[in-house]
Amino acid sequence: MNFAFLRRSLLVAAAITLAGGAFAQAWNDQDTGALDVIYVPTPHGVVKRMLELAKVGPDDIHYDLGSGDGRIVIAAVKDFKAKKGVGIDLDPQRIREANDNLAKAGVGDRVTFLRQNIFETDFSEANVISLYLLSTLNLRLRPTILKMRPGTRIVTQSFSMADWDPEHKESVEFNENGYPGTRTVYLYIVPAQVEGKWTMADGAQTIALDLKQQFQRVSGIFVIGGKPVTIKDGKLTGVNFEFTVEVDGKPVKYEGKVEGNIITGTHWTAKKAS
Ligand SMILES: C[S@@+](CC[C@H](N)C(=O)[O-])C[C@H]1O[C@@H](n2cnc3c(N)ncnc32)[C@H](O)[C@@H]1O
């Protein structure tokens, strides 16, 4: 079998999936090397909305994995005032374009473009990540992303994170140089890890918590006075944890912040059982 031909065919299929047949011809002229996905830029209006949804600001370090001509990283630093931006792309042509665009943007002191493979890059310093790749590539990155600092925001374009539900999803309309269209944008927030057994002190009461976690959703049992109660609406938004239990026929909402093995609530604390 001709593997080079097979690889080219797969990338053309990816091009068509990404943005329609109009981009496939453009791809034919590129030397894709070992790229996992071809270059298709995110329309500028969609870039703006992605960065708005991620609430990028002066405390943020933003990485675009597969950064193309650098537009998302440059906008994060220039227009949204992120303190640092890093773009990673394997294609030297894209890195050259990104550096040319950076020189024009005048934020070169806070932005770097690196020619690296996203699957071999340490991006753990980021607290905002943008991705316009493919579903399969998002899934390959997902385990690494889920180990990042809780609260890290991930915005993806066109492709989701499969069974990890987004915090927010919306269709963004654009009109780029006379070409109108719509792109779906997804926002994810890395949840803290709470799965396991906890001992909770709420005033004079000691409560046992046994938690199960699926991404940001939390279920489990709350044992008070020897009586097990099912946890409802358990949810993590980064380090912020909330759940509801029914005690004496009334719903009681608990809210706290997770810091490693401690959860601190307004009138309660919980410690992870060792
Ligand atoms: C669909 S484009 C997105 C470009 C940019 N993020 C945007 O939204 O405008 C995907 C980019 O990923 C790059 N790429 C593909 N495989 C890669 C890999 N394994 N490591 C780094 N970059 C890669 C391509 O060169 C391309 O520029």
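Before the first stop, a definition: on a 1 Å grid over the protein atoms alone, a cavity is a set of points where a 1.4 Å probe fits but cannot get out. A molecule sits in a cavity if more than half of its atoms lie within 2 Å of its grid points. This is a predicted model, where local features need pLDDT of at least 70 and side-chain atom pairs count only at pLDDT 80 or more, while totals for chains, interfaces and linings use all residues. Residues are numbered from 1 along each chain as its sequence is written, and side-chain values use heavy atoms, with hydrogens and water left out.

**Stop 1: the ligand**

Select the ligand: it sits in the largest cavity. Now bring up its surroundings, counting a residue as near if one of its heavy atoms lies within 4 Å. There are 22 residues around the ligand, and Asp36, Thr42, Asp64, Gly66 and Asp89 come nearest. By type, the shell splits into ten nonpolar, six polar and six charged residues. Here Ala, Val, Leu, Ile, Met, Phe, Trp, Tyr, Cys and Pro count as nonpolar, Asp, Glu, Lys and Arg as charged, and the others, Gly among them, as polar.

Next, look for polar contacts, meaning pairs of N or O atoms within 3.5 Å; within protein, one must be able to donate a hydrogen and the other to accept it, and residues adjacent in sequence count only if both atoms are side-chain atoms. Click Thr42: a polar atom of its side chain is 2.4 Å from a ligand oxygen. Over at Asp64, a side-chain N or O atom lies 2.8 Å from a nitrogen atom of the ligand. Ile118 uses its backbone instead, with an N or O atom 3.0 Å from a ligand nitrogen. How much of the ligand's area does the protein bury? Taken alone the ligand exposes 600 Å², and 100% of that is buried by the protein (areas by the Shrake-Rupley method with a 1.4 Å probe; for residues, only the protein chains shown count as cover).

**Stop 2: two loop residues**

Pick Tyr39, in the loop between helix H2 (22-28) and helix H3 (44-53). Helices (H or I, at least four residues) and strands (E, at least two) are DSSP runs, numbered from the N terminus. The side chain of Tyr39 makes a 3.4 Å polar contact with that of Asp69.

Then jump to Asn117, in the loop between strand E3 (111-115) and strand E4 (128-131). A polar atom of the Asn117 side chain lies 2.9 Å from the backbone nitrogen of Phe119. Asn117 counts as buried, at 17% relative accessibility; the cut-offs are under 20% for buried, over 50% for exposed, and partly exposed in between (1.4 Å probe, protein chains only).

**Stop 3**

Met50 belongs to helix H3 and is buried, at 0% relative accessible area. Its C-alpha is 9.7 Å from that of Ala76, 26 residues away in sequence. Ala76 is one of the buried residues of H4. Why is helix H4 (residues 71-78) described as largely enclosed by the rest of the structure? Because seven of its eight residues are buried.

**Stop 4: positive phi**

Most residues other than glycine have a negative phi. Select Lys55, where phi is positive at about 50 degrees. Lys55 is in the loop between H3 and strand E1 (61-65) and is exposed, at 67%. Finish at Asp233, whose phi is also positive, near 50 degrees. Asp233 lies in strand E12 (residues 232-237) and is exposed, at 60% relative accessibility.

Technical notes
1 Å grid on protein atoms, 1.4 Å probe; cavity = no way out; pocket = protein on both sides within 12 Å on 5 of 7 lines; lining within 4 Å.
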